[in-house]
Amino acid sequence: MAGSKRKKNIGLLLLLIVMILLLGVYFWMTKYNSDKKDSKNDTAETNKAIVTLDKDTIKTIYFKNQEYEMTLSLNSKGVWEDKDDPGFPVNQTYAGNMQGLFADIAPTNTLTKDIDDLSAFGLDKPAVTATATTTDGKEVTIAVGNETPLGGEYYATVKGNNAVYVVGASYHSYFGYKRSEMLTVETLPSITAENITSLDVVPKDGKEFQVAYEPDSPYDYSGFSDYIIKKPYTTPVAADIDSLNTLFANYTALSFSSCEDYKAADLSKYGLDKPAYTVAIGYYEEQKSDTGSTDTSKSSTDSTDSKSTDKTAKVSKSLTLLIGNANDDGDYYVKTPDSNAVNVMSKSTVEKLVNIDAYSNTYKYTNLINIENVDSVDIASEGTTHTLTIKRETKKENGKDVTTATYTVDGKKAEEDAFKKIYSVVITPKTGREIPAADLNKGKTETPDLTLTFHLNTSDTPYVVQFKPYDDSYDIVNTNGTELFLTDARNVKAVLDSFSAK
């Protein structure tokens with residue numbers, strides 16, 4: 001009996017302990033929720049708007065910072081203007097941001113009230129002062145001082161209120177613009193590299209670079225390039241398509257970083273009276289055109305369907321940039337011919353536009369000609385001539401034209417594989433570099449080490465390439481009478497050796 005009574009007392013004791021713990025949790029939760037509610041109310045009170053304006057009634061905004069002051073006014077078309085210079089192209093996004101700040105000024109904290117010494121907060125000489133005026137005569141002025149110690153926020157006062165507030169960084173940055181930043185910056189067209197048809201870069205001092213899309217140009221001897229480099233060489237040369245695509249990529253997505261002067265009267269201040277470079281880009285845009293057609297041949301009593309067809313047309317466009325001096329930051333003053341605005345373009349962008357190595361964009365193969373266009377090739381060196389000949393015969397077989405080719409080397413019939421092995425060596429010489437300017441006429445007096453004459457079924461005029469001695473490492477390449485480049489002398493030896501091994 002004693003043991004049973006003892007167990008009963010222990011059970012009652014445990015139950016009492018549990019009840020005490022539950023009461024403790026209840027009182028703690030009650031206090032926690034009360035504190036949380038009070039904290040939430042305090043935050044709401046802190047973030048309460050101290051100024052509320054109807055955004056649409058704000059008609060003028062004045063701001064002053066350490067570098068610039070300006071008065072903006074909203075005209076009848078809803079466009080923000082410079083009150084003192086209506087022609088000034090105001091950045092509408094920035095003006096709209098300022099307007100939005102005045103609509104609802106809600107500080108993140110109220111630091112203190114009835115404070116007399118504002119210098120501790122930088123508010124005796126504010127970094128920014130801004131005033132908004134509404135159509136019904138309301139006027140609100142905010143002054144912004146130092147950044148708070150934790151950063152990202154600023155001390156501020158509102159005229160007519162003795163409190164010092166903490167506001168977001170936008171109140172400092174949105175009213176901190178310089179004159180050049182308040183200008184609307186001209187936009188440049190977006191150009192696709194594949195749509196560029198011409199490029200002309202003309203330096204005030206130096207060599208001009210010019211390339212153009214000319215698919216039927218006689219200067220594309222190989223038939224592998226639709227672009228011709230016209231300058232700086234004395235004779236146009238074919239361009240390398242892959243290299244050009246890389247080059248043309250520099251002329252896409254161009255933009256100005258800022259506007260220096262929207263109505264420049266004295267271009268000499270920016271070096272634009274005599275530009276350091278003129279860059280002209282020809283390109284096309286693909287535009288859809290709706291061409292509707294109606295069948296009017298039928299009687300008016302017939303039911304006629306009007307069908308519209310969307311067609312894509314290539315519309316020719318052009319963009320010209322005049323590039324002047326560099327500013328103190330190393331960026332360049334740039335303008336378009338039809339605008340009075342002088343803009344700024346980054347140094348890295350300009351250097352890509354104007355620094356062009358012409359040779360790197362040339363087609364390097366000296367005589368890479370499709371074998372299907374060749375009837376014969378004469379390979380002459382030191383009084384000895386080898387000839388590769390292809391005779392083609394076309395017959396009808398099962399209603400279709402079937403062409404059979406017969407290959408000969410020096411008049412002897414050759415297997416197709418053996419013939420093409422020699423031909424592949426003959427057509428693979430590539431240029432290695434430009435002939436130095438001082439040696440451009442050197443080849444005129446030199447006897448060729450090797451002459452290749454291609455007789456084509458696509459032209460009555462043979463294509464002739466000569467390789468003339470230059471030094472121990474290079475030969476001069478003479479293409480149909482034009483001498484601009486050098487080739488590795490080993491290329492010449494390889495052609496001659498191909499016949500020794502046949």
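## A first look at the chain

The chain has eight helices and 28 strands, where helices (H or I, at least four residues) and strands (E, at least two) are DSSP runs numbered from the N terminus. This is a predicted model, in which local features need pLDDT of at least 70, side-chain atom pairs count only at pLDDT 80 or more, and totals for chains, interfaces and linings use all residues. Residues are numbered from 1 along each chain as its sequence is written, and side-chain values use heavy atoms, with hydrogens and water left out.

Of the 502 residues in the chain, 36% are buried; buried means under 20% relative accessible area, exposed over 50%, and partly exposed in between (1.4 Å probe, protein chains only). Take the contacts between residues at least 6 apart in sequence: 59% of them join residues at least 24 apart, with contact meaning heavy atoms within 4.5 Å.

### The nine-stranded sheet

Nine strands line up as an open, antiparallel sheet in the order β23-β22-β21-β20-β25-β26-β27-β28-β24. Two strands pair if DSSP finds at least two bridges between them. The edges belong to β23 and β24, and each has a single partner strand, so one side of each is left without a neighbour in the sheet. On average, neighbouring strands here are turned by 30 degrees against each other, direction ignored.

Three bridges join β24 to β28, and the two run antiparallel. Thr431 has Thr487 in β28 as its bridge partner. Helix α8 packs on this sheet, and its direction makes about 75 degrees with that of β28. Axes are lines fitted to C-alpha atoms, for helices over the stretch in contact, and angles run from 0 to 180 degrees between N-to-C directions.

Here are some of the pieces that meet there:

| Element | Residues |
|---|---|
| Helix α8 | 489–500 |
| Strand β20 | 374–381 |
| Strand β21 | 384–397 |
| Strand β22 | 400–409 |
| Strand β25 | 450–456 |

### Helix α2

Now for a helix elsewhere in the chain. At 1.5 Å a residue, the twelve residues of α2 (92–103) should span 16 Å, and the end C-alpha atoms are 17 Å apart, which agrees. The expected span is 1.5 Å times one less than the number of residues. Buried residues in α2 include Ala95, Met98 and Phe102.

### Tyr333

Tyr333 sits in strand β18 (residues 332–335). Why does Tyr333 count as buried? Because its relative accessibility is 12%. Leaving out residues up to four places away in sequence, Tyr333 touches several others, among them Glu260, Tyr270, Leu322 and Val344.
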